[in-house]
Amino acid sequence: MLITVGTRNRLGLIAVWSALMATVLFLAAVHVNVVFYRSWPLIGDTASYWLRDLSILDSGPPGRWLTHVLHFARDNARDPLRTLSYAVVGQNNTLSVNGHLYFSCFAAFFFLASLCACIWVRTQSAFYAFAAPWAIFLAFCFWDPKYGLPSRLPDMPASFFFGASLFTLFVRRSDGSNTAGSFVAGAFLGLATLTRFHAFMYGALVIAPIVTMFAFERSLKTERPIRQFLLSHISFVAGLGIVAGYFIVRFLPEVLYFYSVAGYGLNQTVAAALATTGKKLILYTMGVPIIGSLALLLLAYISMQRTIRQKRDIADYIATVWAALSCIVLVLFILRVEDDISQTFYMLPGLFLLSLAPFRVSTAHQSYLTLQKPFSRFALGLTFILPTFSIASYAVYINSEAFLYPRPQAQRLYEFNRRLTDLVVANLPSTISQAPFLDSNFDYYARFVIPTAQLAFNRHARFANVFQIRQSQWQLRRGLPQDGSRGQWFSGVLDKDRELIMPALAKSVNVFMTLVDVDNPLANDVVKDDYTRELARYVARQMADDTTTWELRGRLSSPFGSEVAVYVNKTLQ
């Protein structure tokens with residue numbers, strides 16, 4: 001397909017505007033993290049992903065940084081593309097609280113560019129295409145340092161590529177070229193898959209049916225309907241396969257096995273999914289400002305553009321509604337995912353499309369950069385109002401009391417993490433050539449200590465990952481080789497794991513953090529189930545009794561209703 005001069009100019013405008021928005025997004029997210037971590041502790045999964053980023057430093061044989069990154073990404077079944085980004089941004093950014101944001105905002109650029117292009121083609125208004133995307137920055141998830149864009153979780157950048165895949169179909173669909181659009185959409189879905197593995201599963205159930213809808217409609221208008229129908233699907237699969245086919249084939253059995261054992265958030269009741277994940281979609285992922293703004297924009301668009309909408313555009317109507325609702329139905333009513341806010345991010349692209357450009361206008365009413373029509377003048381006003389409103393909303397959030405001042409429990413946790421890190425760092429062995437290994441009998445707690453030690457003391461340590469946090473995790477270790485070549489082997493059977501745990505810790509862990517009383521009710525958040533509680537209780541007793549292997553170096557009071565004891569492995573000094 002030939003690209004005209006006018007099309008190139010429009011693509012250039014979209015690229016420049018999207019780069020501007022992505023840059024603003026990057027700078028704002030950087031500021032969020034800088035302010036947040038002055039007084040808040042590392043929380044939840046973002047600490048786990050930061051720990052994995054630090055693990056790149058220890059991957060592979062000694063050599064160049066690129067060798068380390070490629071070695072680590074090769075066996076990364078979760079988000080290899082984000083790992084590979086460190087080959088570009090450099091080793092120092094694995095240590096930075098904002099090092100991951102380069103990749104996240106790179107993904108945001110494609111999301112914003114495809115959204116601008118989609119809106120421009122559907123509305124025939126450049127002003128609206130440049131203004132409307134600013135409304136999405138009102139969503140709370142863009143500024144949430146725990147789970148949103150500023151965090152290290154890969155779901156936000158994955159949802160950006162997922163959204164780019166969705167929007168591209170509607171851009172190319174409007175041009176009447178299903179084949180090229182399907183290929184690019186498949187490629188974007190491949191990038192989403194390399195950023196978060198299960199994104200391709202969402203794509204198969206949300207985006208692929210839209211490919212089918214548009215291919216079927218297009219096939220009815222051609223002389224070779226079967227050929228046109230098949231080409232669209234082949235192009236989509238080819239784009240996905242070229243980018244992520246090897247990754248999907250290699251890791252699909254492993255991922256399916258993992259979720260079959262450890263998918264504790266799946267297949268809950270619909271009521272539980274709505275009360276947790278559904279509630280978080282409304283209150284924490286989106287929020288009142290963006291819901292109100294999108295509702296007003298939807299009403300304004302329908303009232304001003306309905307008379308010039310494309311007639312009998314049935315496939316587009318169905319596809320738009322499908323894009324908005326299918327992921328919601330899939331997550332909340334079919335998979336019934338309980339209490340997982342990150343899965344709500346994949347619902348946003350379809351909702352944005354339905355709210356900002358619910359139908360196409362006739363190409364006979366092109367306005368682009370003119371102000372001859374009421375909608376164009378309305379869109380011009382939005383180019384000033386929406387960025388101002390988004391920036392003001394961000395300023396209110398970043399200066400709010402809830403953001404600046406942690407609640408007492410979070411303050412206690414912050415102080416405890418620093419004191420615990422101080423004690424651990426003071427007892428890290430200095431005579432061994434490699435970075436020492438840390439572990440604990442509660443909540444993978446090394447994931448909070450290791451990044452803090454790196455930032456505050458420039459001391460590098462590694463996560464042993466011997467003691468697990470749920471029975472399903474102990475069971476998953478059953479599939480590892482018993483020779484220890486890929487980590488410690490366990491069984492998921494209590495008596496057997498009691499026999500295995502202490503020798504495994506003695507073999508691999510330099511410093512171990514023990515929650516002494518795991519039965520205190522305040523420990524429920526860091527001891528996930530009864531199986532792990534029993535093993536944690538057993539390890540705490542064994543550590544205290546085995547003075548030949550383990551030496552007590554200090555105790556600290558904790559927010560978990562019990563002291564935490566720090567032991568050093570004398571046999572690995």
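Q: Are F137 and F142 buried or exposed?
A: Both F137 and F142 are buried, a word kept for residues with under 20% relative accessible area, whereas exposed means over 50% and partly exposed lies in between (1.4 Å probe, protein chains only). The model is predicted, so local features need pLDDT of at least 70 and side-chain atom pairs pLDDT 80 or more, while totals for chains, interfaces and linings use all residues. Residues are numbered from 1 along each chain as its sequence is written, and side-chain values use heavy atoms, without hydrogens or water.

Q: What makes F137 and F142 an edge-to-face pair?
A: Rings of Phe, Tyr and Trp (its six-membered ring) pair if their centres lie within 6.5 Å, with planes under 30 degrees apart called stacked, over 60 edge-to-face and the rest tilted. The centres of F137 and F142 are 5.5 Å apart and their planes stand at 70°, so the pair meets the distance limit and falls in the edge-to-face class. F137 and F142 also belong to a cluster linked by ring pairs, whose members include W134, W143 and Y394.

Q: How do you know that D53 and R152 form a salt bridge?
A: The term requires a side-chain nitrogen of Lys or Arg within 4 Å of a carboxyl oxygen of Asp or Glu, and the closest N and O atoms of D53 and R152 are 2.9 Å apart. D53 lies in helix α2 and R152 in the loop between α8 and α9, so the pair ties together parts that are 99 residues apart in sequence; helices here are DSSP runs (H or I, at least four residues), numbered from the N terminus.

Q: What makes the buried residues of α3 line one face of the helix?
A: In helix α3 (residues 65–74) the buried residues are W65, H68, V69, F72 and A73. Seen down the axis of α3, these residues fall within an arc of 120°, so they line one face, the arc being that of the directions from the helix axis to the C-beta atoms.

Key. Helices (H or I, at least four residues) and strands (E, at least two) are DSSP runs, numbered from the N terminus.
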